[in-house]
Amino acid sequence: MANHHDIGKKGETLATNWLQQQGYTILHQNWCYYHYEIDVIAAKKGILHFVEVKTRSSSYFGLPEESVSKKKISNMMKCADQYQYRHPQWTRIQYDILSILLAGEMPPQYFLIEDIYL
């Protein structure tokens, strides 16, 4: 497996652990609908969160959150629409980006951008 896939998988594991520490309940990881995917679906205080996780091992090419494109957000929203169709009990939703920077021997740096939209 390529190194960036290893970093991505590590980031998703770190993300779920961090989100749980922040009081989120993890409902799904890597939830797919056709070729669309949501990294983490979580709940907190009655709000359903669709979370895109971006992890980088350095900031040489920019911060992780800078690599989330409008197309990626749009695709996440399409996937979330299908999730909501299947789980209509959720009336409050939010789209978030969780950026994780793994810089050398330093502890991971987390940056949560809440309630994004196009």
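# A working chat on strands, a helix and salt bridges

Biologist: Is Ile113 buried, exposed or partly exposed?

Modeller: Ile113 counts as partly exposed, because its relative accessibility is 25%. Please keep in mind that this is a predicted model.

Biologist: Where is Ile113 found?

Modeller: Ile113 is found in strand β5.

Biologist: And which residues is Ile113 in contact with, leaving aside neighbours within four places in sequence?

Modeller: With those neighbours left aside, Ile113 is in contact with Glu65, Tyr95, Asp96 and Ile97. As for Ser99, the C-alpha atoms of Ile113 and Ser99 are separated by 7.9 Å, while the two residues are 14 apart along the chain.

Biologist: In what sense do β4 and β5 pair, parallel or antiparallel?

Modeller: Strand β5, residues 109-113, pairs with β4 in the antiparallel sense, over five bridges.

Biologist: What about β3 and β4, parallel or antiparallel?

Modeller: β3 and β4 pair in the parallel sense, and nine bridges join them.

Biologist: How many residues of strand β4 are buried?

Modeller: Eight of the nine residues of β4, which covers residues 93-101, are buried, so the strand is largely enclosed by the rest of the structure.

Biologist: Let us turn to α2. How many residues does it have, and how far does it reach?

Modeller: α2 has 17 residues. From its first C-alpha to its last it reaches 25 Å, which is close to the 24 Å expected at 1.5 Å a residue.

Biologist: Which residues in α2 are buried?

Modeller: Ile73, Asn75, Met76, Met77, Cys79, Ala80, Gln82 and Tyr83 are buried in α2. An α-helix has 3.6 residues a turn, so residues three or four places apart point the same way.

Biologist: What covers the buried residues of α2?

Modeller: The cover includes β1 (25-33), β2 (36-44), β3 and β4.

Biologist: Changing topic, how many salt bridges does a search of the whole structure find?

Modeller: The search finds two salt bridges. Lys54 forms one with Glu52, where the closest N and O atoms are 3.7 Å apart. The other joins the side chains of Glu52 and Lys72, at 3.6 Å from N to O. This second pair links distant parts of the chain, since Glu52 lies in strand β3 (residues 47-56) and Lys72 lies in helix α2 (residues 70-86), 20 residues apart.

Biologist: Which residues are linked in the network of salt bridges?

Modeller: The network links Glu52, Lys54 and Lys72.

Biologist: Is Glu52 buried or exposed?

Modeller: Glu52 counts as buried, because its relative accessibility is 2%. Lys54 is partly exposed, with a relative accessible area of 24%, and Lys72 is also partly exposed, at 24%.

Biologist: Now His49. Which strand does His49 lie in, and is His49 buried or exposed?

Modeller: His49 lies in strand β3. His49 is buried, because its relative accessible area is 3%, under the 20% cut-off.

Biologist: What joins the side chains of His49 and Asp96?

Modeller: A polar contact of 2.7 Å joins them. Not counting residues up to four places away in sequence, His49 touches Tyr24, Val40, Ile41, Ala42, Ala43, Lys44, Gln94 and Asp96.

Biologist: One last topic, the loops. Where is Tyr34 found, and where is Lys45 found?

Modeller: Tyr34 is found in the loop between β1 and β2, whereas Lys45 is found in the loop between β2 and β3.

Biologist: How far apart are Tyr34 and Lys45 in space, C-alpha to C-alpha?

Modeller: They are 29 Å apart in space, C-alpha to C-alpha, and 11 residues apart in sequence.

Biologist: Does Tyr34 count as buried or exposed, and what about Lys45, buried or exposed?

Modeller: Tyr34 counts as exposed, because its relative accessibility is 70%. Lys45 counts as exposed as well, at 74% relative accessibility.

Biologist: What phi does Tyr34 have, and what phi does Lys45 have?

Modeller: Tyr34 has a positive phi of about 50°, although it is not a glycine. Lys45, which is not a glycine either, has a positive phi of about 50°.

Terms used: Residues numbered from 1 in each chain as written. Predicted model: local features only at pLDDT ≥ 70, side-chain atom pairs only at ≥ 80, totals over all residues. Heavy atoms only, no water. Salt bridge = Lys/Arg side-chain N within 4 Å of Asp/Glu carboxyl O. Buried < 20%, exposed > 50% of the residue type's maximum accessible area, 1.4 Å probe, protein only. Helix = DSSP H or I, 4+ residues; strand = E, 2+ residues; numbered from the N terminus. Pairing = 2+ DSSP bridges. Polar contact = N/O pair within 3.5 Å; in protein donor to acceptor, adjacent residues only side chain to side chain. Contact = heavy atoms within 4.5 Å. Expected span 1.5 Å × (residues − 1).
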